[in-house]
Amino acid sequence: MCLGVLAKVVEVGDIISKVSLGGAVVEVVNGVGDLQPGDVVIVHAGLIIQKVTAEDVLSNLYAIYELQKTHYELNGFGYEEASKMALDDVKRFGAELGLDPKKIEEAIASFNVEEVARFFT
């Protein structure tokens with residue numbers, strides 16, 4: 001399985017741009033046009049493969065939240081503590097991408113079991 005990761009564009013060049021991935025700034029190849037600093041993109045194997053909107057990111061945050069929460073639960077944390085830690089992680093991640101923390105909380109609170117099932121099917 002291949003994995004694309006979300007990153008924020010820091011600097012745009014003709015062929016090579018710089019993005020922030022988890023706080024680390026790395027060079028990647030431009031695979032899409034019309035990039036601007038501040039854009040959120042998906043990077044796979046060192047190549048920008050897609051620009052995404054804040055709404056796209058928010059609509060998928062619940063899956064990231066659930067994965068983080070499960071990670072903490074599997075590592076011995078109780079449900080409440082795992083939930084809080086996962087929400088803090090998602091807020092930090094969203095802030096790095098330039099998302100409003102309040103919108104992140106609202107997005108997480110608005111999801112339901114059907115949304116999770118839709119995401120994974």
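Predicted model: local features only at pLDDT ≥ 70, side-chain atom pairs only at ≥ 80, totals over all residues.
Residues are numbered from 1 along each chain as its sequence is written, and side-chain values use heavy atoms, with hydrogens and water left out.

Confidence is expressed as pLDDT, the predictor's confidence in each residue on a scale from 0 to 100. The mean pLDDT of the protein chain is 88, with 91% of its residues reaching 70 or more. Among the elements, strand β3 (residues 24-29) has the highest confidence, at a mean of 96, whereas helix α4 (residues 113-120) has the lowest, at 59.

The C-alpha trace of the protein chain spans about 50 × 30 × 25 Å along its principal axes. Of its 121 residues, 31% count as buried, a class defined by a relative accessible area under 20%, with exposed meaning over 50% and partly exposed in between (1.4 Å probe, protein chains only). When contacts (heavy atoms within 4.5 Å) are taken between residues at least 6 apart in sequence, 42% of them join residues at least 24 apart. The chain carries 19 negative and 10 positive side chains, and the centres of the two sets lie 3 Å apart; Lys and Arg count as positive and Asp and Glu as negative, while His and the chain ends are not counted, and each charge is placed at NZ of Lys, CZ of Arg, CG of Asp or CD of Glu.

Two aromatic pairs are present in the structure, the criterion being that rings of Phe, Tyr and Trp (its six-membered ring) have centres within 6.5 Å, with planes under 30 degrees apart counted as stacked, over 60 as edge-to-face and the rest as tilted. Tyr62 and Tyr65 form a tilted pair, with 5.7 Å between the ring centres and 40 degrees between the planes. These two residues are separated by about one helical turn because they lie three residues apart in helix α1 (residues 54-74). Tyr62 is buried at 15% relative accessible area, and Tyr65 is likewise buried, at 9%. The rings of Tyr72 and Phe77 have centres 5.8 Å apart and planes at 90 degrees, so this pair is edge-to-face. Here Tyr72 is buried at 14% relative accessibility, whereas Phe77 is partly exposed at 32%.

Two residues other than glycine have positive phi values. Asp34, with phi near 55 degrees, lies in the loop between β3 and β4 and is exposed at 60% relative accessibility. Ala45, with phi of about 55 degrees, belongs to the loop between β4 and β5 (47-52) and is exposed at 74%.

Pro37 is also placed in the loop between β3 and β4 (40-44). Apart from neighbours within four places in sequence, Pro37 contacts Val9, Val10 and Val12, while its C-alpha atom lies 8.8 Å from that of Val19, 18 residues away in sequence. Glu105, in helix α3 (residues 101-110), is partly exposed at 33% relative accessible area, and its C-alpha atom is separated by 29 Å from that of Glu11, 94 residues apart along the chain.

Technical notes
Helix = DSSP H or I, 4+ residues; strand = E, 2+ residues; numbered from the N terminus.
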